[in-house]
Amino acid sequence: MFAYYTRLALRSFRRNRVLTALMVVAIALGIGASMTTLTVFHVLSGDPIPGKSDRLFYVQVDPRPRAGFVPGEEPEEQMTRFDAEALLRDKKGIHQAVMTAGGATIVPQNSTLKPFSLDSRYTSADFFPMFDVPFQYGNGWTATDDEGRSRVAVLSKTLNDKLFNGANSVGREINVSGHSMRVVGVLKEWQPEPRFFDLSTGAYGNEEDVLLPFSTSVELKLGSSGNMNCFGEGAPNGSSSDLNAPCTWLQYWVELDPAKVDDYRQYLLNYSDQQRAAGRFQRPANVKLSSVMEWLDFKKAVPSDVRLQLWLALGFLVVCLINTVGLLLAKFLRRSGEIGVRRALGASRGQIFLQCVVEAGAVGVAGGLLGILLALAGLYAVRQQPVEYAKLAHLDGTMLLLALGLTLFASLAAGLLPAWRAMQVTPAIQLKSQ
């Protein structure tokens, strides 16, 4: 019976090609626009470290002076070096890491390569196990290296390919900003999107090619990049990275057992009280722990224009479906005579309803397939735009399944009302009019 209804639908399409084309194009445009924006929203709002994001927390404490205090305001987003190193020494979490972004100059030993600049990250040993960083060769440095300010480095796959043609470079020396560093590890492809652990220098598209111990970067006075907020009387000797400098410029992450989150928050409150008693903090204790997804939401990692475009595209889909419903309704009601004859010959209302749903479904499937092609074209256009997340705009398996589901929904949404109206046709009236 389904095959019979399908043949009837195809005959109907041939009789009304222009009307059928209009319905297919309307659904295709709605699905194409919706899937383009839905895919962009999906890749930007996804969990960058699934399975662990509820165990990783961004730590905030407020070291600012009393001046300008507003009850209930957010604490400082970053941390001073004094506080970060104090929390790091206490080791109250499963893992904990201090970090900041930086810039470095590489002087290759290969005479065919000229010196070049790249982005770097200065962090502590727990960075690697805490964020499940994958290694191609070797591994990260140890806490002993942090304490000893060791001249060690971890390279990205991209940098290792450039300097050593992809060979195992563990144990080799590289020149980083005029200092010799021993390679202890080489990463596999690893670039979380968004780069949740440091949003101060951009959430998307930035790859850091060399990682060094934070303690080493401080000793060698390697420059950092990102946001910095200084307050009070300024940094001793004019250096904002000194231990006692009243400047927040570091990110601090901790891995916790979910059952220990409240205990760690209390630890932060106690720490703040101790620092206030020592005269460093002047404001009431103001601390915050944010999980990965909470931190991304707070920092609005998904751009507001993407959210707006999503709602506009979904609204456009609704308009396209309403237009398709109107066209289908007009088409079915024009065939009232044909439907009345079928009813008179014994066709039930359910059979009429099913016939019309199959025809509407065929329109929806054709529109959906064309819509997926339009979505692929739309995503290609997004990838050509000068925005930092452009290269992420790809239709993955999850979004393809969503596109198929949206096609099915569009087919049913467009066809149910016209099919219901068509099955209400009274055969006696139609036969009398004949």
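Modeller: The conversation below turns to the chain as a whole, then to one helix and one serine.

Modeller: This is a predicted model, in which local features need pLDDT of at least 70 and side-chain atom pairs count only at pLDDT 80 or more, while totals for chains, interfaces and linings use all residues. Residues are numbered from 1 along each chain as its sequence is written, and side-chain values use heavy atoms, with hydrogens and water left out.

Colleague: How many helices and strands are in the protein chain?

Modeller: The protein chain has 14 helices and 13 strands, taken as DSSP runs (helices H or I, at least four residues; strands E, at least two) and numbered from the N terminus.

Colleague: What share of the 434 residues is buried?

Modeller: Buried residues make up 49% of them; buried means under 20% relative accessible area, exposed over 50%, partly exposed in between (1.4 Å probe, protein chains only).

Colleague: Turning to helix 8, which residues are buried?

Modeller: They are V261, Y264, Y267, L268, Y271, S272 and Q275. Seen down the axis of helix 8, they fall within an arc of 140° (from the directions from the helix axis to the C-beta atoms), so they line one face.

Colleague: What do the buried residues of helix 8 pack against?

Modeller: They pack against strand 1 (56-61), helix 3 (81-90), strand 12 (251-255) and strand 13 (287-291), where contact means heavy atoms within 4.5 Å. The face turned away from the buried side carries the exposed residues D262, D263, Q274 and A277.
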